[in-house]
Amino acid sequence: MDSLVKVSTETEEFNTIARMLAYIRDSARQLEAPALEYCIEMAMKAVSTELNSRQDAPPLPPEFEMATRKLQ
């Protein structure tokens, strides 16, 4: 049971990170900071890969999926 709670908590943490990264990326875009935007998108891709590798993870938010799809 503890392992299920741990996985759920980790997944929630990754989802929180995903939302924060999307916000930071959008802010970098508004500031016209392409290098920062690129770095954030690479971090988003790493988080997306981790979440997609988890069988119990809920689907990523649509805006996050769109952002990571364009990187592939």
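**Exercise 1. How many salt bridges does the count come to?** Trace those that involve D26 and R29.

Solution. The model is predicted: local features need pLDDT of at least 70, side-chain atom pairs count only at pLDDT 80 or more, and totals for chains, interfaces and linings use all residues. Residues are numbered from 1 along each chain as its sequence is written, and side-chain values use heavy atoms, with hydrogens and water left out.

Step 1. Take the rule: a salt bridge is a side-chain nitrogen of Lys or Arg within 4 Å of a carboxyl oxygen of Asp or Glu. By this rule there are four salt bridges.

Step 2. Start from D26. Its side chain meets that of R25 at 2.7 Å, N to O, and that of R29 at 3.7 Å, N to O. D26 and R29 both belong to helix 1 and are three residues apart, about one turn of the helix. In general, an α-helix has 3.6 residues a turn, so residues three or four places apart point the same way.

Step 3. Go on from R29. The side chains of R29 and E41 form a salt bridge of 3.4 Å, N to O. This pair links distant parts of the chain, with R29 in helix 1 and E41 in helix 2, twelve residues apart.

Step 4. Join the pairs. Through shared partners, R25, D26, R29, E37 and E41 make one network of salt bridges.

**Exercise 2. What are the elements of the protein chain, and in what order do they run?**

Solution. Step 1. Helices (H or I, at least four residues) and strands (E, at least two) are DSSP runs, numbered from the N terminus. The chain has three helices and zero strands, in the order α-α-α from the N terminus.

Step 1. Of the 72 residues in the chain, 28% are buried.

**Exercise 3. Does the span of helix 2 agree or disagree with its number of residues, and where do its buried residues fall?**

Step 1. List the buried residues of helix 2: E37, I40, E41, M44, V47, S48 and L51. Seen down the helix axis, they fall within an arc of 120 degrees (taken from the directions from the axis to the C-beta atoms), so they line one face of helix 2.

Step 2. Turn to the face away from the buried side, which carries the exposed residues A35 and A46.

**Exercise 4. Where is E32 found, and is it buried or exposed?**

Solution. Step 1. E32 is in the loop between helix 1 and helix 2.

Step 1. With a relative accessible area of 70%, E32 is exposed.

Step 2. Check the backbone: phi of E32 is near 55 degrees, a positive value in a residue other than glycine.

Note on methods. Buried < 20%, exposed > 50% of the residue type's maximum accessible area, 1.4 Å probe, protein only.
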